[in-house]
Every structure is written in structure tokens, then in C-alpha cells.
Amino acid sequence: KVNFKLDGGKKVNVQFDIPTPPEVVGEVKTQGSFSDKSYKMDFVWNGKGSGQIEIVLGTIEMGMLNGQLTPLLKLVGPDNGKMSIRQNILEKIPFNQSRFLVVTFIRRFIKGIPNNDILNDNYIVAQSIHNIKIQIPR
């Protein structure tokens, strides 16, 4: 938890607590092969049993060791510690043009700020993010 205080000058000061999510740590397990269309990925993380988790899949193109990451797919599900993705979804990812697959686990808390006259946004987001970079086998 982080305590946030904003001095609005002549306006009223704003102070509130921002709840921070527990750190998310994940891993990716793969099975099968692309050639016989049995390939699937299982995502496992330290689920907290409530709320949601976002998993974003992206790629880094060939020839770009630390190059531009292109996000391709966002999965949202319960924060229960496990999710699978099957071949029929994975076959839409351009693995033949990519050198790396990047899997990002995101756990976030969003706190609304009622009666806010100082900040332009009416909410604050706190996130825990875990990235895994996987070299695509050839």
C-alpha cells in the first residue's frame, strides 16, 4: 500500500491510500509440436484466488535481438494461477516471422478517486508485471 498526497496549492489537498497488488511471478509450459497441430501453452503463476489476471502475448521480429515488441493477443481470466492456450489460437501468431515470443503477466488494482477536483483522471492504477522472453525454436 502506498499513501498518496497531492498539495493542490490554494485548492483542497488530496490524500488517499493506493492498494498495490501482490507481485505476480509466472512461467510458461509448452507441449506438442506445430507440425502435428498439437502445440499448446500452459501459463502458471502465483494466483491470488480473486480478481483477474491479464496475459499479453507479443513477438519480437527476426533480426531484432532487443528490438520492437509487437503485442498480438491479450487474454483475461480469473487470477487462479493457471490458464491454457490451444493450437487453434496459437496458429494465428506469425512465429515464422518472429525470433522471440514475449509473455507478460499483469495483475492490477484500480482505485477510483471520487470528488476529484485536482487530478484529471478519476482513478489510479497500480500494477505488478512479469515478462518472460522465449526464443522460438526453428
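A residue is called buried when its relative accessible area is under 20%, exposed when it is over 50%, and partly exposed in between, with a 1.4 Å probe and protein chains only.

The model is predicted, so local features need pLDDT of at least 70 and side-chain atom pairs count only at pLDDT 80 or more, while totals for chains, interfaces and linings use all residues. Residues are numbered from 1 along each chain as its sequence is written, and side-chain values use heavy atoms, with hydrogens and water left out.

**The whole chain**

Begin with the whole chain in a cartoon view. One helix and nine strands are present; helices (H or I, at least four residues) and strands (E, at least two) are DSSP runs, numbered from the N terminus. Followed from the N terminus, the elements run β-β-β-β-β-β-β-α-β-β. Of the 138 residues in the chain, 34% are buried. Now display the surface: the accessible surface comes to about 8,800 Å², and 49% of this belongs to carbon and sulfur atoms. Such areas come from the Shrake-Rupley method with a 1.4 Å probe, and for residues only the protein chains shown count as cover. Contact means heavy atoms within 4.5 Å. Among the contacts in the chain with a separation of 6 or more, 61% are between residues 24 or more positions apart.

**The aromatic cluster**

Next, select Phe43, Trp45 and Phe105, which form one aromatic cluster. Rings of Phe, Tyr and Trp (its six-membered ring) pair if their centres lie within 6.5 Å; planes under 30 degrees apart count as stacked, over 60 as edge-to-face and the rest as tilted. The count by this rule is two aromatic pairs. In the edge-to-face pair of Phe43 and Phe105, the distance is 6.2 Å centre to centre, with 85° between the planes. This pair links distant parts of the chain, with Phe43 in strand β4 (residues 40-45) and Phe105 in strand β8 (residues 98-112), 62 residues apart. Phe43 and Phe105 are both buried. The pair of Trp45 and Phe105 is tilted, at 6.0 Å centre to centre and 50° between the planes. Because Trp45 lies in strand β4 and Phe105 in strand β8, this pair ties together parts that are 60 residues apart in sequence.

**A charge over a ring**

Select Lys133 and Phe100. The charged end of Lys133 sits over the ring of Phe100, 4.4 Å from the ring centre. A charge sits over a ring if NZ of Lys or CZ of Arg is within 6 Å of the ring centre and within 35 degrees of the ring normal.

**Salt bridges**

A salt bridge is a side-chain nitrogen of Lys or Arg within 4 Å of a carboxyl oxygen of Asp or Glu. The count by this rule is three salt bridges.

- Select Lys40 and Asp42: their salt bridge has its closest N and O atoms 3.7 Å apart. Lys40 is found in strand β4 and is buried, with a relative accessible area of 16%. Asp42 also counts as buried, at 16% relative accessibility. Leaving out residues up to four places away in sequence, Lys40 touches Lys29, Thr30, Gln31, Ser84, Ile85, Arg86 and Leu90.
- Select Arg108 and Glu54: their side chains meet in a salt bridge of 2.9 Å, N to O. The pair links distant parts of the chain, Arg108 in strand β8 and Glu54 in strand β5 (residues 52-61), 54 residues apart. Arg108 counts as partly exposed at 30% relative accessibility, whereas Glu54 is buried at 14%.
- Select Asp79 and Arg107: the closest N and O atoms of their salt bridge are 2.6 Å apart. Asp79 lies in the loop between β6 (69-78) and β7 (82-85) and Arg107 in strand β8, so the pair ties together parts that are 28 residues apart in sequence. Asp79 and Arg107 are both buried.

Finally, select Val125 and Ala126. Val125 lies in strand β9 (residues 123-135), and Ala126 is found in strand β9. At 37% relative accessibility Val125 counts as partly exposed, while Ala126, at 11%, counts as buried.

Ile110, Tyr123 and Val125 make a nonpolar surface patch of about 300 Å². Patches are made of residues with over 30% relative accessible area and no salt bridge: like charges are joined within 9 Å, nonpolar side chains (Val, Leu, Ile, Met, Phe, Trp, Tyr) within 5 Å.

Apart from neighbours within four places in sequence, Ala126 is in contact with Ile18, Pro19, Thr20, Pro21, Arg107, Arg108 and Phe109. The C-alpha atoms of Ala126 and Pro19 are separated by 7.2 Å, although the two residues are 107 residues apart along the chain.
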